[in-house]
Amino acid sequence: MERAKQSPILAGKQHTVVMNGLDTSVFYPREVGKLKLGLGIDDEKIIFHATPIFSDNPEHIKGGCYIIKLAEIYIMIQNGIKVKRHRRKNVKIIVAGSYPENLKVPDNILLLGKVNDQNRLAELYSVADITVIASKRETFSMVCAESLCCGTPVVGFKAGGPETISLPEYSEFVNYGDLNSLYSHINCFLNEARDKNKISASAVRVYGSQYMTDKYIDIYNSL
């Protein structure tokens, strides 16, 4: 909206932002007991990363290389290489997204491939303790909204959209490429118990399709 206001064509016009609406009959916190068993999860903390394409190429805009670096850090911690104050429960990273056949990742990354089913995606958000967005650039970021509607906090790089539309009390964004800060904020969320239903209730009020519809009706009625 701020960029639109600078346009020679649109400057001086009335501007309003309406969030993209989600189907909250799909994106809501799910029961995760059986889901964890199906994914082979015991008592690990779970980081979820959803992306169209997962790549280890440092130039790739979705930042998969940073997810791999995070996994390597957690492996070092689990092996006792880091100092005692960093030791914690094992952490597993689940990635939903297409990936090259020859891609090699650390053992604590579970590659699921492309997930088309929205119910399955909602289950994965629900299983996770946190969702990480590693993109260099994003628009609205449906991943951010979907995750929060499922009750899962979000940490990521400042990429344009996500930090603008997220719920500040349940998210944190750092400068792109600042892996140390990203890691630190992830751990802060992993170490705190969160009420997923409370997070979801806050998110639904902002991202729900009914809220979006009401906002459009308000705009039409104001004209």
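Modeller: Happy to! Contact means heavy atoms within 4.5 Å. Leaving aside neighbours within four places in sequence, Y125 is in contact with F27, F48, A50, T131, V143, E146, S147, C150, T152 and K196. A word on the source: this is a predicted model, where local features need pLDDT of at least 70, side-chain atom pairs count only at pLDDT 80 or more, and totals for chains, interfaces and linings use all residues. Residues are numbered from 1 along each chain as its sequence is written, and side-chain values use heavy atoms, with hydrogens and water left out.

Biologist: Which residues touch the most other members of the largest nonpolar core?

Modeller: In soluble globular proteins, nonpolar side chains tend to be buried together. A nonpolar core is a set of buried Ala, Val, Leu, Ile, Met, Phe, Trp, Tyr and Cys residues joined through side-chain atoms within 4.5 Å; buried means under 20% relative accessible area, exposed over 50%, partly exposed in between (1.4 Å probe, protein chains only). Here the largest core has 33 residues, and F27, F48, Y125, C144, L148 and Y207 touch the most other members.

Biologist: How many disulfides are there?

Modeller: A disulfide is a pair of cysteine sulfur atoms within 2.5 Å. The count is zero. For C149, the closest cysteine sulfur is in C150, 6.9 Å away, so the two are too far apart for a bond. C149 is buried, at 0% relative accessible area, and C150 is buried at 0% relative accessibility.
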